[in-house]
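Hi everyone, thanks for making the time. I'd like to walk you through one model today, so let me put it on the screen.

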Amino acid sequence: MIAVVLWVSGLSTIFWMLRFHDHAPKETHEKLTLMERSIAMSTDISATLAITCGLILSLAQGRNFWVDPVEGRWLHVKAAAVLLGVLSVHGILRARIKRYARGDLKPVPMWVWSLLLAGIVIAIFAVETKLSFN
């Protein structure tokens, strides 16, 4: 859980730092880029830990949630939400940090924030309800 919290909070921080970066004075761009890169490195480590621990837990519980269509429905929804929502935002923000380092300061679109929030909400909903609408 700690890795998930660090991952999501790091992505949120990077998103808002990038949103303010293009409005910041030119003399602060280099410092902002360094801060964004260091936070991004911690999100990379947190994402790796969260995904690894999640896979280990889903495979080590005695039941195979990946194969059982009824018991594993919530896990499939959660995995899709994380892959399509959270991981795609992670990749978009990492690419944007590289662009900003080169001086290409196009603002991050707000739909990226919406995609991150949607992925998180769907993943939490899938886990909390276990999607057992039999």
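This is a predicted model: local features need pLDDT of at least 70, side-chain atom pairs count only at pLDDT 80 or more; totals for chains, interfaces and linings use all residues.

The protein has 134 residues, and 34% of them count as buried. Its secondary structure consists of four helices and zero strands. Reading from the N terminus, then, the order of elements is α-α-α-α. On contacts, take the pairs at least 6 apart in sequence: 70% of those join residues at least 24 apart.

Now for the helix pair. Two packed helices are described by the angle between their axes and the distance between the axes. For α1 and α4, the axes come within 11 Å of each other and cross at roughly 170°. Angles over 145 degrees count as roughly antiparallel, and α1 and α4 are therefore roughly antiparallel to each other.

Which residues in α1 and α4 meet? On the α1 side we have V8, L11, S12, F15, W16 and R19, and on the α4 side M110, V112, W113, L116 and I120. Sorted by class, the residues of this contact are nine nonpolar, one polar and one charged.

The largest pocket has a volume of about 980 Å³. It is lined by 32 residues, and the closest to its centre are V4, A50, G54, K78 and V82. Which helices supply at least two residues each to that lining? The answer is α1, spanning 2-21, α2, spanning 29-59, α3, spanning 73-102, and α4, spanning 110-129.

Last, two residues you can find on the screen. T13 sits in helix α1. Is T13 buried or partly exposed? Its relative accessible area is 35%, so T13 is partly exposed. T13 and I39 are 26 residues apart along the chain, with their C-alpha atoms separated by 8.0 Å.

The second residue is A118, over in helix α4. A118 has 34% relative accessibility, so it counts as partly exposed.

Conventions
Residues are numbered from 1 along each chain as its sequence is written. Side-chain values use heavy atoms; hydrogens and water are left out. On a 1 Å grid over the protein atoms alone, a cavity is a set of points where a 1.4 Å probe fits but cannot get out, and a pocket is an open set with protein on both sides within 12 Å along at least five of seven lines; lining residues have an atom within 4 Å of a point. Grid points are joined across faces, edges and corners, and a volume is the space filled by probe spheres set on the points. Axes are lines fitted to C-alpha atoms, for helices over the stretch in contact, and angles run from 0 to 180 degrees between N-to-C directions. Angles under 35 degrees count as roughly parallel, over 145 as roughly antiparallel, 65 to 115 as roughly perpendicular and the rest as oblique. Contact means heavy atoms within 4.5 Å. Ala, Val, Leu, Ile, Met, Phe, Trp, Tyr, Cys and Pro count as nonpolar, Asp, Glu, Lys and Arg as charged, and the others, Gly among them, as polar. Buried means under 20% relative accessible area, exposed over 50%, partly exposed in between (1.4 Å probe, protein chains only).
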